[in-house]
Amino acid sequence: MARFKKEGKKDLPEINTGSMSDIIFMFLFFFMVITNMRETNVKVKFSTPNASEIQKLEKKSLVATIYIGAPRSKNENTLPPGKVSVQLNDQTVKQENLTKDVRDFIAAEKEARNEEDKQKLTFSIKADKDVQMRYINLIKSELRTNNALKINYATGKKIYMNE
């Protein structure tokens, strides 16, 4: 029968930390590449109305957003009587160019997607709760005319207070 003996305590070798900085920079680069930054700067003030029944969008990458509300600065284009701005991508729209710009916006958003995603593309209207419905209807009718039939209205969740 053989006996095994421990030959004294062996020290653990030191951990080599030379490549640790390489690994950290790889992680940093990886997260920088996959992170989506905000694509548009919102130039319109809006607070969405509250709703009792809301549904979350599944794929935010398939959403094109149209902002409608009061302009943040005096330099922005407005619709008469000068209190409402419509923003498509990074630009506010003049009234005389509204239908053409909305049409171009829809075409650009559809062209940026592949064939499968074009069918799932949703146009989200983020409108201020105090904006008159005629401005929203103007945009909505232009979306329908250009066969953009999936329309979403952005809302906040209604909070019920117990009395």
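This is a predicted model: local features need pLDDT of at least 70, side-chain atom pairs count only at pLDDT 80 or more; totals for chains, interfaces and linings use all residues.
User: OK, so how far apart are the end C-alpha atoms of α4, and what should its residues span?

Analyst: α4 has 13 residues, which at 1.5 Å a residue should span 18 Å, and its end C-alpha atoms are 18 Å apart, so the two agree.

User: Which residues of α4 are buried?

Analyst: Tyr135, Ile136, Ile139, Lys140, Glu142 and Leu143. Looking down the helix axis, the buried residues of α4 fall within an arc of 160 degrees, so they line one face.

User: What do the buried residues of α4 pack against?

Analyst: They pack against β3, β4, α2, β6 and β7.

User: And what's exposed on the other side of α4?

Analyst: Arg144 and Thr145 are exposed there.

User: What follows α4?

Analyst: Asparagine 147, with a positive phi near 60 degrees. Asparagine 147 sits in the loop between α4 (133–145) and β7. Its relative accessible area is 51%, so asparagine 147 counts as exposed, the cut-off being over 50%.

User: Where's asparagine 89, and what's its phi?

Analyst: Asparagine 89 is in the loop between β4 (85–88) and β5 (91–92). Its phi is near 55 degrees, again positive in a residue other than glycine. Asparagine 89 is partly exposed, at 35% relative accessible area.

User: Why flag a positive phi?

Analyst: Because most residues other than glycine have a negative phi.

User: Switching to α2. How many residues, and how far does α2 reach?

Analyst: α2 has 14 residues and runs 20 Å from its first C-alpha to its last, close to the 20 Å expected at 1.5 Å a residue. Leu98, Val102, Phe105, Ile106 and Glu109 are buried in α2. Seen down the axis, these buried residues fall within an arc of 95 degrees, so they line one face of the helix.

User: What covers the buried residues of α2?

Analyst: The cover includes β3, β4, β6 and α4.

User: Pockets now. What volume does the largest pocket have?

Analyst: About 1,400 Å³. The largest pocket is lined by 35 residues, with Leu57, Lys60, Val63, Thr65 and Ser124 lying nearest its centre. Elements giving two or more residues to that lining are β3 (63–71), α2 (98–111), β6 (122–127) and β7 (151–153).

User: Which element gives the most to the lining of the largest pocket?

Analyst: β3 does, with four residues.

User: And how does that lining of the largest pocket split by class?

Analyst: Going by class, there are 13 nonpolar, ten polar and twelve charged residues in the lining of the largest pocket.

User: How much space is in the second largest pocket, and which residues line it?

Analyst: The second largest pocket holds about 170 Å³. Its lining is Lys110, Lys118, Gln119, Leu121, Phe123, Asn147, Ala148, Leu149 and Lys150. That lining divides into four nonpolar, two polar and three charged residues.

User: Last one: is threonine 122 buried or exposed?

Analyst: Buried, with a relative accessible area of 10%, where the cut-off is under 20%. Threonine 122 is in strand β6.

User: Which residues does threonine 122 touch?

Analyst: Leaving out residues up to four places away in sequence, threonine 122 touches Leu62, Val63, Ala64, Lys150, Ile151 and Asn152.

Notes: Residues are numbered from 1 along each chain as its sequence is written. Side-chain values use heavy atoms; hydrogens and water are left out. On a 1 Å grid over the protein atoms alone, a cavity is a set of points where a 1.4 Å probe fits but cannot get out, and a pocket is an open set with protein on both sides within 12 Å along at least five of seven lines; lining residues have an atom within 4 Å of a point. Grid points are joined across faces, edges and corners, and a volume is the space filled by probe spheres set on the points. Ala, Val, Leu, Ile, Met, Phe, Trp, Tyr, Cys and Pro count as nonpolar, Asp, Glu, Lys and Arg as charged, and the others, Gly among them, as polar. Buried means under 20% relative accessible area, exposed over 50%, partly exposed in between (1.4 Å probe, protein chains only). Contact means heavy atoms within 4.5 Å. The expected span of a helix is 1.5 Å times one less than its number of residues. The arc is that of the directions from the helix axis to the C-beta atoms.
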